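Hi everyone, thanks for making time this morning. I'd like to walk you through one structure, so please have a look at the screen.

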Amino acid sequence: RALSAPPWGLDRIDQATLPLDNAAYAPAFDGAGVHVFVIDTGINSAHVEFAGRVADGYDFVDDDADPEDCEGHGTHVAGTTAGATVGVAPGATV
């Protein structure tokens with residue numbers, strides 16, 4: 001996958017120096033086989049960005065083993081990390 005006009009965060013990750021080049025973001029690896037642990041408010045496991053890539057987890061806000069997001073912030077962080085469209089590691093399991 002390559003994003004022709006990547007968001008600022010992805011553009012900043014793929015180059016060491018400024019100014020940003022706004023070049024397509026096409027990582028050599030997509031994170032497949034990697035498990036990412038997001039310690040936050042949970043994750044919306046039904047979100048299309050994570051289709052089939054949400055593992056068992058823990059919700060530190062509700063203090064239970066149901067990782068469903070109660071506030072939305074954890075889903076946002078997980079999307080930045082492993083979202084299929086604009087995540088850093090779109091093949092990773094969260």
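Let me start with a question: does R53 count as buried or exposed? R53 counts as buried, because its relative accessibility is 12%, and the cut-off for buried is under 20%. Before I go further, please keep in mind that this is a predicted model, so everything I say is about that model.

R53 sits in the loop between α1 and α2. Despite being buried, R53 has no salt bridge. The nearest side chain of opposite charge belongs to E49, and that is 6.0 Å away. For a salt bridge, a side-chain nitrogen of Lys or Arg has to come within 4 Å of a carboxyl oxygen of Asp or Glu.

So what does R53 touch, not counting residues up to four places away in sequence? There are A82, G83 and A84, and then a run from A89 through P90, G91, A92 and T93 to V94. As for A32, it is 21 residues from R53 in sequence, and the C-alpha atoms of the two are 9.7 Å apart in space.

Now let's zoom out to the whole chain. How many helices and strands does the protein chain have? The answer is two helices and zero strands. The helices are α1, residues 8-13, and α2, residues 73-82. You'll hear me say "the loop between α1 and α2" again and again, and R53 was our opening example of a residue there.

Some overall numbers for you. The C-alpha trace spans about 45 × 25 × 20 Å along its principal axes. The chain has 94 residues, and 32% of them count as buried. The accessible surface comes to about 5,700 Å², with 60% of that belonging to carbon and sulfur atoms. And if you take contacts with a separation of 6 or more, residues 24 or more positions apart account for 58% of them.

Leaving aside neighbours within four places in sequence, V36 is in contact with T81, A92, T93 and V94. By comparison, V36 and G72 are 36 residues apart along the chain, with their C-alpha atoms separated by 18 Å.

H35 is in that loop as well. H35 counts as exposed because its relative accessible area is 51%, and the cut-off for exposed is over 50%. From H35 to E68 we have 33 residues in sequence and 17 Å in space, C-alpha to C-alpha.

Which residues form the negative surface patch? They are D62, D63, D66, E68 and E71. D66 is placed in the loop between α1 and α2, and D66 counts as partly exposed because its relative accessibility is 42%. There is a nonpolar patch too, formed by I39, Y58 and F60, with about 340 Å² of accessible area together. Y58 belongs to the loop between α1 and α2 and is partly exposed, with a relative accessible area of 34%.

Last topic: the backbone. Most residues other than glycine have a negative phi, and most peptide bonds are trans. Where do we find a cis peptide bond here? A cis peptide bond joins L18 and P19, with omega at about 0 degrees, and P19 is in the loop between α1 and α2.

For positive phi, we can look at N22 and D63. Phi of N22 is near 55 degrees, and phi of D63 is near 55 degrees as well. N22 is partly exposed, at 45% relative accessible area, whereas D63 is exposed, at 56%. And D63, as you'll remember, is one of the residues in the negative patch.

That's my tour, and I'm happy to go back to any part of it.

Note on methods
Residues are numbered from 1 along each chain as its sequence is written. This is a predicted model: local features need pLDDT of at least 70, side-chain atom pairs count only at pLDDT 80 or more; totals for chains, interfaces and linings use all residues. Side-chain values use heavy atoms; hydrogens and water are left out. Patches are made of residues with over 30% relative accessible area and no salt bridge: like charges are joined within 9 Å, nonpolar side chains (Val, Leu, Ile, Met, Phe, Trp, Tyr) within 5 Å. Accessible areas come from the Shrake-Rupley method with a 1.4 Å probe; for residues, only the protein chains shown count as cover. Lys and Arg count as positive and Asp and Glu as negative; His and the chain ends are not counted. The place of a charge is taken as NZ of Lys, CZ of Arg, CG of Asp or CD of Glu. Helices (H or I, at least four residues) and strands (E, at least two) are DSSP runs, numbered from the N terminus. Buried means under 20% relative accessible area, exposed over 50%, partly exposed in between (1.4 Å probe, protein chains only). Contact means heavy atoms within 4.5 Å.
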